[in-house]
Amino acid sequence: MKELVVISGKGGTGKTSLVASLAALAGGAVLADCDVDAADLHLVVEPTVVRRGSFSGGFRARIMPGHCIACGKCEELCRFEAITYDGPGNGRAAKTFRVDPIACEGCGVCAWFCAEKAIEFAPADNGRWFVSETRFGPMVHAELGIAEENSGKLVSLVRTEAKKVAAARGRELVIIDGSPGIGCPVIASITGADLVLVVTEPTLSGLHDLERVTRLTGHFGMATLVCVNKWDLNAELAAQIEARAGELGAQTVGRVRYDAAVTEAMIHKQALVEYTEAGAAMDVKRVWSNVRDRLDRLSPFTVL
Ligand code: SF4
Ligand code: SF4
């Protein structure tokens with residue numbers, strides 16, 4: 001089984017749109033949407049959920065008002081200013097203390113030092129993950145709760161479940177829609193994967209982002225491919241990006257032209273290569289052909 005991760009230096013480069021087309025062209029891969037902070041692959045592939053689970057990425061404190069004597073020790077110790085003196089009163093105090101669940105970082109200090117044992121410290125409910133069926137094959141995806149973090153752990157969970165699904169169904173390829181940027185979620189998206197495809201655009205920030213992300217994949221010693229999306233918006237910068245990618249050890253696998261059909265396909269909830277055979281769809285097919293060749297060279301296998 002191989003894992004192909006598609007990432008970008010930032011959001012909005014057309015990464016997810018490309019992933020949907022690669023999934024359509026691969027036919028039978030398992031999809032993993034690891035862009036959990038802004039998951040939108042489901043908008044194109046329209047998954048039907050068949051299994052779901054909850055995700056806890058840490059702990060959270062909660063003061064039990066009936067047990068609090070309002071000594072203020074927890075407020076004094078909380079370095080995240082998550083505890084305020086505005087909880088409901090009880091028989092011993094007119095007001096008690098309260099934990100703001102969004103500000104709480106789950107360090108546990110308050111619960112440890114509360115002499116009254118008035119603070120509950122339990123796993124937080126941070127989100128949900130799903131196994132779904134789509135017209136392109138099985139998909140594992142997730143959603144974080146509002147204002148929740150810890151998406152690196154959720155990304156790892158999504159990848160693990162996707163690999164389990166692939167193993168159970170004999171699928172040989174997992175296509176991962178990775179998180180943008182270079183932070184914890186993207187590191188969780190790429191670590192241990194077989195091949196990384198970086199999608200970028202011909203702008204100065206695109207060049208800068210490509211350098212950052214390619215240095216990151218280089219740091220982990222990962223085989224890295226690059227595709228410049230909407231290359232014809234600035235052919236000169238597109239060429240510069242490809243040259244820089246080569247210097248950093250990445251291989252260019254094709255350019256995709258700007259095409260209004262990309263947006264039209266999304267409006268129709270279709271992958272570009274389903275929507276049309278012309279224009280950028282032809283470019284995407286060439287990119288997929290080169291990616292598949294590279295996957296085959298990593299270790300021969302047949303994409304279903
Ligand atoms: S340390 Fe315990 S008893 Fe004191 S204010 Fe905090 S929750 Fe209440
Ligand atoms: S667990 Fe840590 S961050 Fe949360 S309220 Fe207690 S001391 Fe503050």
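Which residues surround ligand 1?

1. Ligand 1 in this predicted model is surrounded by I63, C68, I69, A70, C71, G72, K73, C74, F97, C114, E116 and I119. By class, this shell divides into 9 nonpolar residues, 1 polar residue and 2 charged residues. The space that ligand 1 takes is the second largest cavity.

2. Ligand 2 has a shell of 13 residues, of which the closest are C78, C104, C107, G108 and C110. The division here is 10 nonpolar, 2 polar and 1 charged. The largest cavity is the space taken by ligand 2.

3. On the overall architecture, the protein has 304 residues, and buried residues make up 48% of them. The secondary structure consists of 11 helices and 13 strands. Along the principal axes, the C-alpha atoms fill a box of roughly 75 × 40 × 35 Å. Among the contacts with a separation of 6 or more, 75% are accounted for by residues 24 or more positions apart.

4. Is D177 buried or exposed? D177 has a relative accessible area of 0% and is therefore buried, since the limit for that class is under 20%. The side chain of D177 makes a polar contact with the side chain of T16, at 2.8 Å. Neighbours within four places in sequence being left aside, the contacts of D177 are V6, K15, T16, V19, A32, D33, C34, D35 and L41.

5. H141 is a second polar side chain to inspect. Its place is in strand 9, residues 137–144. H141 counts as buried because its relative accessibility is 8%, against a limit of under 20%. With which side chain does the side chain of H141 make a polar contact? The partner is the side chain of S132, at 2.7 Å. With neighbours within four places in sequence again left aside, H141 is in contact with D33, P47, V49, W129, F130, S132 and V158. R128 and H141 lie 13 residues apart in sequence, and their C-alpha atoms are 8.7 Å apart in space.

6. The two residues can also be read together.

Notes:
Residues numbered from 1 in each chain as written. Chains lettered and ligands numbered in written order. Predicted model: local features only at pLDDT ≥ 70, side-chain atom pairs only at ≥ 80, totals over all residues. Heavy atoms only, no water. Near = heavy atom within 4 Å. 1 Å grid on protein atoms, 1.4 Å probe; cavity = no way out; pocket = protein on both sides within 12 Å on 5 of 7 lines; lining within 4 Å. Sits in = over half its atoms within 2 Å of the grid points. Nonpolar A, V, L, I, M, F, W, Y, C, P; charged D, E, K, R; others polar. Buried < 20%, exposed > 50% of the residue type's maximum accessible area, 1.4 Å probe, protein only. Polar contact = N/O pair within 3.5 Å; in protein donor to acceptor, adjacent residues only side chain to side chain. Contact = heavy atoms within 4.5 Å. Helix = DSSP H or I, 4+ residues; strand = E, 2+ residues; numbered from the N terminus.
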